[in-house]
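Subject: Structure for you to look at

Hello,

Here is the structure I said I would pass on. Please open it first, then read the notes below.

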Amino acid sequence: MENILHIHRINKVKAVSHRFNLLELMVVILVIAIIAAFILSSISRAREYAMQTSCANNLHQISIAHQSYKAEYKYFPRPYSWLDDFSLIYPYTLSFNVFKCPGKYPKTKIEKMADLNGGTDYWVCTILEFHDLELNGPTAVDNPEDYPEYTADTTTTDSKVKFSAPKDKDLPSEDNGNQGIGNNIAAYFYDPSNPKFIRVAADKLKIPLVYDRYGPAHFKSINVGYIDDTRTGTMRDMCFIWTLDKQDTLFIDAVTPWPKL
């Protein structure tokens, strides 16, 4: 009888010991899962930092390209599509990859020069003042190529080029009443005489910039390149920089953090 009770006690202890070992195993698995989650999160953040750094390097290279262009021509490039055409600075980068943001999905394909006009992952703005060409016509600008619709007066001795008349139309008069209708000469269908445009333009940054097209691109922010000194930084919204909407029209707004494309 005593042997039977002893055997019963041993089996009971073994059963308790078995249950305890199973609990230990579950705790160990839980701890491993928590550690794995932290490691994966750290790896993911490290990957995001790497893409943000790579994007910032792209903007730095684009800023240098703008400075190189300016050193050669005495002014920043200003193609007709001045916000999203990088074709003029390609000779100073010789790489399509510079115009791709590694943080953008799906990945952008840039394989030819035509893709640099509206097909990159970045926007650039070197325009600090907007002239209403329809209302007044350009009277004094740094570069005649900025306004190919007008004929330059090469007889002037001023430091800035004067314009005489458009190539295919009469010079716009000051009372042609285009206010609020739209500027058909300039790209992106905006009117610098429109009161709303004037209010919004007053809130935009007045420094040459190149920046992410799709926001937020990196940690709820976008990368920005300051062309004047080629440094880079971040912005938490896009309220104070020029963007386009889905119709490739200038987005006249200074309160929307992330305009939808």
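Which residue lies over the face of Trp 242? Lys 204 does, at 5.1 Å from the ring centre. A charge counts as over a ring if NZ of Lys or CZ of Arg is within 6 Å of the ring centre and within 35 degrees of the ring normal. Lys 107 likewise lies over the face of Tyr 105, at 4.4 Å from the ring centre.

Some ground rules. This is a predicted model, in which local features need pLDDT of at least 70 and side-chain atom pairs count only at pLDDT 80 or more, while totals for chains, interfaces and linings use all residues. Residues are numbered from 1 along each chain as its sequence is written, and side-chain values use heavy atoms, with hydrogens and water left out.

Next, the aromatic rings. A pair of aromatic rings is described by the distance of the centres and the angle of the planes. Rings of Phe, Tyr and Trp (its six-membered ring) pair if their centres lie within 6.5 Å; planes under 30 degrees apart are stacked, over 60 edge-to-face, and the rest tilted. By this rule there are 15 aromatic pairs. Tyr 69 and Tyr 92 have ring centres 6.1 Å apart and planes at 75°, so this pair is edge-to-face. Tyr 69 is in helix 1 and Tyr 92 in the loop between helix 1 and strand 1 (122-125), so the pair ties together parts 23 residues apart in sequence. Helices (H or I, at least four residues) and strands (E, at least two) are DSSP runs, numbered from the N terminus.

Tyr 69 is buried, at 6% relative accessible area, and Tyr 92 is partly exposed, at 29%. Buried means under 20%, exposed over 50%, and partly exposed in between (1.4 Å probe, protein chains only).

Phe 130 and Phe 197 also form an edge-to-face pair, 5.2 Å centre to centre with 85° between the planes. Phe 130 is in the loop between strand 1 and strand 2 (150-153) and Phe 197 in helix 2 (residues 195-203), 67 residues apart. Phe 197 is buried, at 4% relative accessibility.

Asp 84 is in the loop between helix 1 and strand 1 and is buried, at 5% relative accessibility.

Regards
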